[in-house]
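Here's a quick tour for anyone meeting this structure for the first time. Have a look at it, then read on.

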Amino acid sequence: MFDELLNAMDMVGFLDEEQQDLFTVLGAVLNMGNIAFEMDENEGALVKEAHGSLRTAAKLLGVDTEKLAEVLTSTSTTTRGSVIKRRLKDHQAIDVRDATAKALYGRLFGWIVNKVNQLLAPPIAFKRRGGHRNRYPRYIWF
């Protein structure tokens, strides 16, 4: 089944690098869904087992593991030049994780649709403007 998918992507015209990037982002989305949270003694969310899915997702996305954990477990507000950082509860961190994965998947899906449309679009036809021949003809879109 996977070989058939790769074959179809080759036939449509996806480059090998594009296919690799697609599967990298998809792998990151899937790993993000496996990130679990727990509460610390201060009632703030922490990533449970940061060495597993978090590290893999961060590596696939090309971001720092600590930064990804921070984004998933805290929020910042800037007021009059000062930054207020607040830790999220575990259920809020789960919502942030899910929203981030959904956004990544949505962008990936949109890219795939645009790429397929671009690759399968018929060639654009031109018509010559003006009724005379010249050395440098001007073209317009149909």
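## A charged pair across the chain

Asp 40 forms a salt bridge with Arg 87, and their closest N and O atoms are 3.3 Å apart. (A salt bridge here is a side-chain nitrogen of Lys or Arg within 4 Å of a carboxyl oxygen of Asp or Glu.) The two partners come from distant parts of the chain, 47 residues apart: Asp 40 sits in the loop between strand E1 (36–39) and E2, while Arg 87 belongs to strand E4 (residues 82–87). Helices (H or I, at least four residues) and strands (E, at least two) are DSSP runs, numbered from the N terminus.

Asp 40 is buried, at 13% relative accessible area, whereas Arg 87 counts as partly exposed at 38%. For those words, buried means under 20% relative accessible area, exposed over 50%, and partly exposed in between, with a 1.4 Å probe and protein chains only.

A word on the source: this is a predicted model, where local features need pLDDT of at least 70 and side-chain atom pairs count only at pLDDT 80 or more, while totals for chains, interfaces and linings use all residues. Residues are numbered from 1 along each chain as its sequence is written, and side-chain values use heavy atoms, leaving out hydrogens and water.

The structure holds four salt bridges. In one of them, Glu 70 pairs with Lys 85, with the closest N and O atoms 2.9 Å apart. Glu 70 is in helix H4 and Lys 85 in strand E4, so this pair ties together parts 15 residues apart in sequence.

Arg 97 also forms a salt bridge, with Asp 98, the closest N and O atoms being 2.9 Å apart. Arg 97 is buried at 12% relative accessible area, but Asp 98 is partly exposed at 38%.

What does Met 32 touch, leaving aside neighbours within four places in sequence? Its contacts (heavy atoms within 4.5 Å) include Ala 57, Leu 72 and Arg 97.
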